[in-house]
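Me: I have a structure open and want to learn how to read its features. Can you take me through some of them, one by one?

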Amino acid sequence: MTSQPAPDRRVWKNWAGTASATPARWCRPRHEAEICAAVKDAAPAGLTVRALGSGHSFTAAAATSGVALDLSAWTGIVAADTRTGLVTVRSGTTLRALGAELDGLGLAMANLGDIDAQTLAGALSTGTHGTGARLGGLATQVEALELVLADGSVVTCSASSRPELFAAARVGLGALGVITTVTLRCVPSFTLVADERPMPVEEVLGQFDALAEANDHFEFYWFPYGRQALVKRNNRLPAGSVASAVPPPLPAWRRFWEFEVMENAAFGALCRVGRTVPRLIPSLNRLSSAALSSRAYTGTSRKVFVTPRRVRFAESEYAVPRESLGHVIAELRRAVPRLVDPVMFPVEVRVAAADDIWLSTGYGRESAYVAIHQYTGLPYQQYFDWFESIVAEVAGRPHWGKLHSLDARRLRPLYPRFDEFRRVRAEADPDGRFGNAYLTRVFGPAHDI
Ligand SMILES: Cc1cc2nc3c(=O)[nH]c(=O)nc-3n(C[C@H](O)[C@H](O)[C@H](O)COP(=O)(O)OP(=O)(O)OC[C@H]3O[C@@H](n4cnc5c(N)ncnc54)[C@H](O)[C@@H]3O)c2cc1C
């Protein structure tokens with residue numbers, strides 16, 4: 001075995017700074033056999049094992065005091081069939097690296113979220129999603145998984161082979177095993193036409209269903225003290241479209257100015273002012289809202305889907321039945337002005353189709369995703385607590401990777417297949433080798449079914 005436990009007691013921290021841990025052992029496997037060995041070797045030492053992604057979950061989903069499996073050397077495409085679009089990828093590959101490799105094959109992922117820094121397995125395991133009323137989360141693009149189970153054995157699962165493990169492990173929080181490879185169903189590369197424009201938030205809510213249905217990828221941002229929302233519509237450019245009929249790509253200087261300077265450097269500066277003088281936040285928030293401007297451009301799908309996110313924040317996100325979005329936003333609008341600590345960051349609203357993945361936030365219903373954020377270092381607890389009580393009224397399901405306080409007792413009624421998930425977990429990992437405190441909170445002990 002080439003991977004050696006690091007001699008130091010390095011601390012693991014997530015991107016947002018909301019979770020940290022000191023693993024007893026670090027492993028950076030380069031081969032599948034090393035992943036199997038790391039899992040097997042943990043048992044006699046009485047250690048648990050967690051696979052690490054890029055640390056972009058706000059929850060302590062990846063935290064471990066046992067063996068931290070750093071999969072950053074376990075990357076790349078293993079096999080690709082450009083005819084069927086089936087591509088098998090090592091689990092530690094970031095979405096960014098994967099997108100670049102797929103480009104070279106003339107392929108792309110059908111949908112992505114806002115960033116591409118996550119690893120493929122990390123993104124899948126927490127139910128990461130983008131937006132699009134006719135599309136499910138990233139896990140719906142998975143055709144097969146290969147996992148290392150608690151006894152160190154390797155299994156593959158798909159809709160036809162071990163279908164229960166497949167239904168559980170596609171959004172499985174690392175509770176069933178270490179995902180080693182993922183087979184994705186990719187689509188031919190495509191171009192998106194992006195249209196972003198401010199609209200009064202009442203108007204957006206009034207037309208919400210129509211906007212969701214009429215666009216391939218629709219979302220809006222709303223600064224909670226402002227009246228304007230920024231509506232983003234990304235639509236696929238039909239093959240054979242005339243270039244002059246669509247907006248041109250953004251020139252590099254404008255991309256830099258708008259994404260790096262305005263949306264990161266300038267917004268970051270405003271946030272720092274707000275953190276220093278919190279009473280200014282509602283005005284700064286209205287200023288950000290008033291400064292929203294229109295833009296339209298065309299680009300490769302993966303570049304249009306994602307934007308750089310350099311200003312750090314804390315986030316909570318819930319999936320709610322799509323028809324209850326109006327109620328949730330109305331309650332949020334009532335709640336935000338009453339908060340003791342004002343909110344610097346916008347609310348983001350997205351949509352997704354229903355799917356059949358047991359722990360997907362989109363399981364069995366069309367969803368609207370409502371994400372709330374607060375700038376790093378500013379208090380957020382009251383805001384997030386109130387938000388949770390609002391979405392609880394409409395059976396909201398928390399994003400597994402974003403801050404929430406729900407436990408197994410409260411999650412169980414939200415997921416019709418919750419008990420089946422727990423049964424499959426108990427069969428796959430009866431000793432809780434892949435456990436951690438977060439999993440115990442959200443699922444209960446591994447053997448408890
Ligand atoms: C700036 C920012 C933007 C974001 N945008 C979006 C968005 O648009 N949409 C959205 O839905 N979410 C979004 N997220 C949330 C993010 O996609 C998820 O939290 C995702 O899980 C992070 O992936 P990661 O690689 O960092 O995994 P980590 O956070 O490191 O790990 C997540 C979970 O996956 C498990 N895991 C990792 N690798 C494996 C493996 N090989 N086998 C088994 N389990 C494994 C870990 O143990 C852990 O339980 C965003 C987060 C940030 C910080």
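Me: Which atom of Gly122 lies 2.8 Å from an oxygen atom of the ligand?

Reply: This is a predicted model, so treat each distance as computed. A polar contact needs two N or O atoms within 3.5 Å. For Gly122, a backbone N or O atom sits 2.8 Å from a ligand oxygen. Asp114 also uses a backbone N or O atom, and its distance to an oxygen atom of the ligand is 2.8 Å. Ser57 brings a side-chain N or O atom, 2.7 Å from an oxygen of the ligand.

Me: How many residues surround the ligand, and which are the closest?

Reply: There are 36 residues around the ligand. Ala51, His56, Ser57, Thr126 and Arg350 are the closest.

Me: Now pockets. What is the idea, and how much space lies in the second largest pocket?

Reply: A probe the size of a water molecule is rolled over the atoms, and this shows where empty space remains. Here, the second largest pocket holds about 810 Å³ of space. Its lining comprises 29 residues. Nearest its centre are Phe223, Met262, Glu263, Phe267 and Leu292.

Me: Which elements give two or more residues to the lining of the second largest pocket?

Reply: Strand S15 (228–236), helix H7 (252–276) and helix H8 (281–290) do. H7 supplies the largest share, eight residues.

Me: How do the residues of that lining divide into nonpolar, polar and charged?

Reply: The lining of the second largest pocket has 16 nonpolar residues, six polar and seven charged.

Me: Next, cysteines. How many disulfides does a search of the whole structure find?

Reply: A disulfide covalently joins the sulfur atoms of two cysteines. The search of the whole structure finds zero. Take Cys186, which is in no disulfide. The nearest cysteine sulfur belongs to Cys157 and is 18 Å away. The cut-off for a disulfide is 2.5 Å between sulfurs.

Me: Is Cys186 buried or exposed? And Cys271, buried or exposed?

Reply: Buried means under 20% relative accessible area. Cys186 has 6%, so Cys186 is buried. Cys271 has 0% relative accessibility and therefore counts as buried too.

Me: Let me try a residue in a helix. Where does Ile35 lie, and is Ile35 buried or exposed?

Reply: Ile35 lies in helix H1, residues 32–42. Its relative accessible area is 0%, so Ile35 is buried.

Me: How many residues apart in sequence are Ile35 and Ala150, and what is their distance in space?

Reply: Compare the two separations. Ile35 and Ala150 are 115 residues apart in sequence. In space, their C-alpha atoms are 11 Å apart.

Conventions. Residues numbered from 1 in each chain as written. Predicted model: local features only at pLDDT ≥ 70, side-chain atom pairs only at ≥ 80, totals over all residues. Heavy atoms only, no water. 1 Å grid on protein atoms, 1.4 Å probe; cavity = no way out; pocket = protein on both sides within 12 Å on 5 of 7 lines; lining within 4 Å. Points joined across faces, edges and corners; volume = space filled by probe spheres on them. Helix = DSSP H or I, 4+ residues; strand = E, 2+ residues; numbered from the N terminus. Nonpolar A, V, L, I, M, F, W, Y, C, P; charged D, E, K, R; others polar. Buried < 20%, exposed > 50% of the residue type's maximum accessible area, 1.4 Å probe, protein only. Near = heavy atom within 4 Å. Polar contact = N/O pair within 3.5 Å; in protein donor to acceptor, adjacent residues only side chain to side chain.
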